[in-house]
Amino acid sequence: MQIVIERAAGLDIHKQTVVAAIQTPESRSTRTFGTMTRELEQLAAWLLEQGITHVAMEATGVYWQPVYNVLEEHPFELLVVNAQHFKAVPGRKTDVKDAEWLADLLRHGLLRGSFIPERERRELVRYRKSLIRERASEINRIQKVLEGANIKLGSVASNILGVSGRQMLAAIIAGEEDPAVLADLARGKLQRKQAAREQALTGKLGAHQRYLLAEQLRHIDELEERIERLSAELADRLARVPADAEAVERLDSIPGVGPATAEVIVAEVGTDLSRFPTAKHLASWAGLCPGNRESAGKRQSGRTRKGNPWLREALVEAAEAAVRVKGTVFQALYQRLAARRGRKRAILAVAHRLLVVAYQLLQKGEAYREVGADAFDERQRVVTGRRLAKRLQTLGFRVPLEPVT
């Protein structure tokens, strides 16, 4: 097999050790280093001394990041490789053999590096999402405490931490027990359910439950403050890069995609899409397209691959919102697919379409233009007409197809 890279190195990375194997025309050797910064600098010096030009490492959790941070300051061509792309022969696996196998594959040009976007903004976006998840978990804990006290606030209020819910919870924590007084704190549409509110707010709340509610609300307030600070930091960083700020504004114009989702797309994908030749490549990387598994001429599982879980989750949430916007192509796509394929597959298809549209907007630098809910019918006018006419004929009607001028 032809050697493409003469001086290559493979790194098998763990929490406390890094096994480095180098392959050059003169020799092959292996050494083990620690993962402290000073030890990683020694690894970089050794690779430079051996004249290494290309380094491949496995994407092992977050342990590859310290190694990458040190080596990217030196003139190496770095490849972070998906573990599925270089599995060795079973039964012959050691740290040294893994490193040597990586170096051998890299030297023959058989490895493909993973896509690594700008990491600073991505880490901020992901941390904000983690805080949002933590906030949702804390809200569920409040709901659990209320249920344990026979208070069914969640049965009459869709958002127990809305304006009405907050005031009721504050009164409950302060010691108010009269259901009528608590029900009178309702605002907006919730005021119409007076009798239901009083029944839902009739319960038996103990002192320890009031204490838990107070602590949980305080925790939620702290999380909301941290989320706001993170959002402000992200907005400040976007303002420093006008191209990224314009990209977020462009993506925000897509139905269902809000500013937060647009920031996730820009942070996870970036604005330079040269890494992805087509929108299909991007959808495959994000895990928003059917899986490809065939054996003996038979199509087996069509499950989607894992892809990028952060981008995928954000787009699925955006799809849930997009299908509720009337008169859009996304709602029409959902309605066409949900009846035959089910709701979950339809939502995933809408998320795929959102990503395709985002790719086109970022590539062309244009604003979103809505094509309308009848776009599918216009595209397949003749086919749709024949199908509907055939259906009417099976019901006993004769329908001549004549186009309206």
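Here is a short walk through the structure above, which is a predicted model.

Let's start with a pair of strands. Strand 2 covers residues 17-23 and strand 3 covers residues 28-34; the two run antiparallel and are joined by seven bridges. To see one of these pairings for yourself, find threonine 17, whose bridge partner in strand 3 is glycine 34. How do you get from strand 2 to strand 3? A hairpin of four residues makes the link.

Now let's look at the inside. The largest nonpolar core holds 46 residues, and those touching the most other members are Leu251, Ile254, Leu315, Phe330, Val350, Leu354 and Leu355. Several helices give two or more residues to this core, including helix 10 (242-252), helix 13 (309-322), helix 14 (329-341) and helix 15 (343-364). Which helix gives the most? That is helix 15, with 13 residues. Another core, of 25 residues, lies apart from this one, and among its members are Ile142, Met168, Ala183 and Leu205.

Leaving aside residues up to four places away in sequence, isoleucine 254 touches Phe330, Leu354, Val357, Ala358, Leu361 and Tyr368.

Leucine 392 sits in helix 17, which spans residues 381-394. Is leucine 392 buried or partly exposed? Its relative accessible area is 34%, so leucine 392 counts as partly exposed.

Notes: Residues are numbered from 1 along each chain as its sequence is written. This is a predicted model: local features need pLDDT of at least 70, side-chain atom pairs count only at pLDDT 80 or more; totals for chains, interfaces and linings use all residues. Side-chain values use heavy atoms; hydrogens and water are left out. Buried means under 20% relative accessible area, exposed over 50%, partly exposed in between (1.4 Å probe, protein chains only). A nonpolar core is a set of buried Ala, Val, Leu, Ile, Met, Phe, Trp, Tyr and Cys residues joined through side-chain atoms within 4.5 Å. Contact means heavy atoms within 4.5 Å. Two strands pair if DSSP finds at least two bridges between them.
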